[in-house]
Amino acid sequence: HHTDISYATTRAGALPRDPSLAGSLIRYPFLAHAFWGWLGALLDRPPNVIYRWTNTAWLFVTGALVYELARSLRVRPVFSALAVLLMLSGNNLIAAVADVLAGGFRASAGLGDVRYSLFLQKFYSFNLVPFGLGLAAAMMTLCARMLTRSHRRSLALLFTIVLTGVGTIYPLMFPALWAGAAGAVAILTTSLLRAPAGLRGREAAELAVGLAVATALSLGYLAFCLSGRAAPAAAWEWGQILLKARYAALSLGPILLLSLPSFARGLRARDPGIVFCLLLFLVSVAFYLLVPVASGNEYKTIFLATMVAAVVAASSLDQLLPRSSVGVVVVTLALLAPLAWLNHARLGLLSQPRFGVERLALRVESFSLELAARDRRAEWTAAIRARTSERTVVLAPRQSFPVSVVTRRDLYVPHSVYWVGYEVQPRTMVIDVRGADPEVYDRRLRVHRAIYGVDSKRYAAAWSELSKLGRPVAIRFDTKDPPFLDWLAERGLGERLPT
């Protein structure tokens, strides 16, 4: 999913074209993919190698900013570091432990969404969430520093840049973070809470303008990316809301219990920093419960709630535990050892092949990602790259590897049980996530089935549909003497590519 979009962003066009459905535009926010794609082109490494470097960088950035967020709330350094540990391992502990003890992911069924167990796992794989988490941590820390006045100059420009970054790079987290940012601005410009003294009218105006500019830029970019999407909105169902409420309670329950003393103390004292954290926590959970997104991707706002709860939980521990250095070290080590073991065990589960994905032998020495020579399919994929133009559209029978990526050619239509690497059907990925026209997808799927079928009466119509592309077509057959190939030969259509 992310690899082929990253490659697509390096080709010409304001909007990248979907390599999995030739000619279709990707109606999906793509700036992070463009970063991976162009950085990979610059360094001559494929995007699925580049992400390891960027994920590591975002992990350190997120951890450092969450530490600063805790320090802005006057949490001692050791407990601020503990906040980072609680963030990385504190969500969905019950389900994670059940999975590890059972040696698989079926044990946690009904206990929570496996996709957010644990927080740290999002930094293991090729996905956009690390971008969003890093920007979210920056937004939270900026707001907390403004609310606690732990800075000496206006942060309005940085506030605007970071909030715009969230809205354009990871829009899914924008609504919750926008609400938190708007709440911070409201606290700073009113006397409802014990807000820091000395906020000048000019600075308040700068923040309000920054909020408006970030909102306009983010919504404008999102409208540009999503214009023309044919996919319907996800449905709002009471059953799903109740299920997600149970998941949220199980996932966030342990860390929320730790944070309750500080939340209660902060509300009594009208502490603006704690009130901001509580607002962001509630909005993040509410978004998860009430706003359905394609493929259930609203689950990602649980990470925002986890970040906030971890910091406030560390604040509670800072107040409740002994002030001696020895006591702090003992408590930290007591938490560190089991959480480190849990993350290590979860990584072992995640490294097991799932969803019908095979371990591919790949050549990653250059920007172009290719199958290694020992893979039996390397010959025909290399022949397509070498002997066809870049405009060529590829048809292939069911494959368990990303054909469009290793051939660097567009697919006519994806055809597999699951999208490679995801437990979703190709239709869901192409239509609901990338926004393709469902009529185009269904029509092409019928053509695909006709070409690889045995009913010769359907061949002429299928060939007519392929001709409408106005582009060269390469068709791969894995069976001996396929009927459609004989049909083409009888009419003198096409030629065989030597492989």
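Analyst: What follows takes the labels one by one, for a model that is predicted.

User: Why are H6 and H8 called roughly parallel?

Analyst: Helix H6 (residues 129-148) and helix H8 (residues 174-189) pack at about 10 degrees, with axes 10 Å apart. Angles under 35 degrees count as roughly parallel. So H6 is roughly parallel to H8.

User: What makes the contact of H6 with H8 nonpolar, polar or charged?

Analyst: From H6 come Ala136, Met139, Met140, Cys143, Met146 and Leu147. They meet Leu177, Ala181, Ala184, Ile187 and Leu188 of H8. Ala, Leu, Ile, Met and Cys are among the types that count as nonpolar. The tally is eleven nonpolar, no polar and no charged.

User: How do you know that lysine 300 has no salt bridge?

Analyst: The nearest side chain of opposite charge is glutamate 298, 9.4 Å away. A salt bridge needs a side-chain nitrogen within 4 Å of a carboxyl oxygen. Lysine 300 has none, yet is buried.

User: Where is lysine 300, and what does it touch?

Analyst: Lysine 300 lies in the loop between helix H11 (272-290) and helix H12 (301-320). Leaving out residues up to four places away in sequence, lysine 300 touches Val129, Tyr170, Leu172 and Met173.

User: Why does aspartate 481 count as exposed?

Analyst: Its relative accessibility is 55%. Exposed means over 50%. Therefore aspartate 481 counts as exposed. Aspartate 481 sits in the loop between strand E5 (473-475) and helix H19 (483-490).

User: What is the phi of aspartate 481?

Analyst: Phi is near 50 degrees, a positive value in a residue other than glycine. Arginine 408, also not a glycine, has a positive phi of about 55 degrees.

Conventions: Residues are numbered from 1 along each chain as its sequence is written. This is a predicted model: local features need pLDDT of at least 70, side-chain atom pairs count only at pLDDT 80 or more; totals for chains, interfaces and linings use all residues. Side-chain values use heavy atoms; hydrogens and water are left out. Axes are lines fitted to C-alpha atoms, for helices over the stretch in contact, and angles run from 0 to 180 degrees between N-to-C directions. Helices (H or I, at least four residues) and strands (E, at least two) are DSSP runs, numbered from the N terminus. Angles under 35 degrees count as roughly parallel, over 145 as roughly antiparallel, 65 to 115 as roughly perpendicular and the rest as oblique. Contact means heavy atoms within 4.5 Å. Buried means under 20% relative accessible area, exposed over 50%, partly exposed in between (1.4 Å probe, protein chains only). Lys and Arg count as positive and Asp and Glu as negative; His and the chain ends are not counted.
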